[in-house]
Amino acid sequence: YDLRNEDLKDMQELGQGNGGSVKKVEHAPTGTIMAKKARILYGMSKFLSVVLIDAKPSVRKQILRELHIMHECNSRYIVSFYGAYLADPNICICMEYMNKGSLDGIYKKIGAIDIDIVGQVALAVLEGLTYLYDFHRIIHRDIKPSNMLCNSNGEIKICDFGVSGELINSIADTFVGTSTYMSPERIQGAQYTVKSDVWSLGISLIELALGRFPFAESESDDSDLSDLEGTLSPARPGSMGSIAALSLAPRQKPPKSATAKKDKRKSKGVSLQGGGMTMSILELLQHIVNESAPKLTPEGRFPKAAENFVDSCLLKDPDARKTPKELLNYPWIEQAKTSTIDVEAWANTF
Ligand code: ADP
Ligand code: MG
């Protein structure tokens with residue numbers, strides 16, 4: 001596809017993410033339906049309460065070059081890539097449209113997802129991660145239910161992986177939005193590895209099986225969150241998110257204009273499951289580092305093999321945690337491989 005912005009006709013808004021939107025579009029010359037993700041490139045962090053568009057053409061060209069390898073990512077577990085282009089001030093990434101949307105949207109609509117379907121999700125994500133790493137040495141970096149997509153053929157695929165280092169650098173990631181799936185070692189600033197994705201998978205699977213985020217959110221308090229958001233600098237590979245760095249960041253409120261929209265979407269306190277205690281993001285990160293990992297609860301509600309698998313994903317020591325490839329041989333995943341469950345039939349019930 002030779003993609004041009006004027007050839008893509010907007011059909012429907014699919015969702016809002018950090019700093020941009022995803023739309024269902026039709027590529028007029030070919031009639032192909034696509035999902036178009038537009039992201040504004042930030043040249044500076046909101047740390048300085050400034051949002052500047054990075055004008056450097058060299059950076060933009062480099063991003064497009066890096067995105068190019070997505071053309072070579074061909075797997076039934078990875079959302080296909082049609083192409084990317086710059087449409088000032090956005091970078092637009094066009095990908096396969098998945099007509100049943102993301103798994104977070106699905107469970108929010110239909111409630112907790114049947115554990116056998118969750119097993120198929122685990123299998124698909126592990127296959128996708130193993131493919132990305134074995135064939136392209138790509139680490140996903142943003143595993144969460146909203147990056148797991150489903151279509152009415154019953155296919156489950158992952159999207160939004162960190163293929164471009166420059167793009168990761170350039171997009172002012174609102175840390176707060178995704179931080180809650182972060183592994184303890186990543187919060188502490190250690191090197192990101194494939195095992196960090198495994199932690200995020202474990203958290204995501206619990207969320208799908210319980211129908212709620214394991215560190216439950218509450219509507220009660222937004223002050224801590226919005227304060228913190230203004231102080232965080234964008235994600236940088238390898239250097240983001242140590243608690244020490246966070247604590248040292250000056251608490252300074254950004255101007256309303258820069259964050260008004262985002263505040264609306266995320267103005268939620270975060271509270272511990274069941275406890276009713278409201279935590280700031282900083283407290284949540286400390287909790288992930290210091291407390292024991294969440295589990296598939298209550299005990300006995302889910303198959304033992306599923307409990308064991310999730311426990312393996314959520315080993316706090318990354319050295320003890322397995323890689324996606326190793327986890328493909330776990331009993332629960334072996335069962336998922338030979339399961340007769342009909343994901344297509346399931347996907348057509350909503
Ligand atoms: P996030 O993943 O943080 O929610 P995104 O901007 O990546 O933010 O995506 C916003 C929403 O758009 C997702 O939650 C998902 O529901 C929807 N979406 C993204 N990509 C696709 C796609 N290829 N097909 C269908 N829906 C998509
Ligand atoms: Mg996404």
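A residue is near a molecule or strand if its C-beta atom, placed from the backbone, lies within 6 Å of it. By this rule there are 19 residues around ligand 1, and Gly15, Gly17, Ala35, Ser102 and Ser146 come nearest. The elements that give two or more residues to this shell are E1, E3 and strand E5 (90-96). E1 gives the most, with three residues. Such elements are DSSP runs, numbered from the N terminus: helices (H or I) have at least four residues and strands (E) at least two.

The shell around ligand 1 can also be sorted by residue type. Ala, Val, Leu, Ile, Met, Phe, Trp, Tyr, Cys and Pro count as nonpolar, Asp, Glu, Lys and Arg as charged, and the others, Gly among them, as polar. The shell then divides into nine nonpolar, seven polar and three charged residues.

Residues are numbered from 1 along each chain as its sequence is written, while chains are lettered from A and ligands numbered from 1 in the order in which they are written. This is a predicted model, in which local features need pLDDT of at least 70, side-chain atom pairs count only at pLDDT 80 or more, and totals for chains, interfaces and linings use all residues.

**Overall make-up**

The protein has 14 helices and 10 strands. A residue is buried if 20 or more other C-beta atoms lie within 10 Å of its own, exposed if 12 or fewer, and partly exposed in between, with C-beta atoms placed from the backbone. Of the 350 residues, 37% count as buried. Two residues are in contact if their C-beta atoms, placed from the backbone, lie within 7 Å. Among contacts with a separation of 6 or more, 70% are between residues 24 or more positions apart.

**Paired strands**

Two strands pair if DSSP finds at least two bridges between them.

| Strands | Direction | Bridges |
|---|---|---|
| E1 (residues 8-17) and E2 (residues 20-27) | antiparallel | eight bridges |
| E2 and E3 (residues 32-40) | antiparallel | eight bridges |
| E3 and E5 | antiparallel | seven bridges |
| E4 (residues 81-87) and E5 | antiparallel | six bridges |

Individual residues face each other across these pairs. Glu13 stands opposite Lys23 in E2, and Glu26 has Ile33 in E3 as its bridge partner. Further on, Ala35 stands opposite Met95 in E5, and Tyr85 is bridged to Cys92 in E5. E2 and E3 form a hairpin with four residues between them, and Gly31 in the turn has a positive phi of about 75°. A hairpin also joins E4 to E5, through two residues.

**Two residues in the strands**

Lys37 lies in strand E3. The UniProt annotation "binding site", from an unreviewed entry, covers Lys37; UniProt positions are given in the numbering used here, feature names are shortened, and annotations may be inferred rather than shown by experiment. Lys37 counts as buried because it has 21 C-beta neighbours inside 10 Å. Leaving aside neighbours within four places in sequence, Lys37 is in contact with Gly20, Val22, Cys92 and Ile93.

Ser21 is found in strand E2. With 15 C-beta neighbours inside 10 Å, Ser21 counts as partly exposed. Beyond four places in sequence, the contacts of Ser21 are Glu13, Gln16 and Ala38. Ser21 and Lys36 are 15 residues apart in sequence and 8.2 Å apart in space, C-alpha to C-alpha.

**The nonpolar core**

A nonpolar core is a set of buried Ala, Val, Leu, Ile, Met, Phe, Trp, Tyr and Cys residues joined through C-beta atoms within 7 Å. The largest such core has 71 residues, and those with the most contacts inside it are Met95, Val121, Ala122, Val125, Leu205 and Ala209. Helix H3 (residues 115-136) supplies the largest share, 11 residues. Apart from neighbours within four places in sequence, Leu205 is in contact with Val118, Val121, Ala122 and Val310.

**Backbone details in loops**

Arg141 has a positive phi of about 80° although it is not a glycine. Arg141 lies in the loop between H3 and strand E6 (148-150), and is buried because 20 other C-beta atoms lie within 10 Å.

Asp160, also not a glycine, has a positive phi near 60°. Asp160 sits in the loop between strand E7 (156-158) and helix H4 (165-170), and its 21 C-beta neighbours inside 10 Å make it buried.

A cis peptide bond joins Thr297 and Pro298, with omega about -10°. Pro298 is in the loop between helix H10 (281-290) and helix H11 (304-313).
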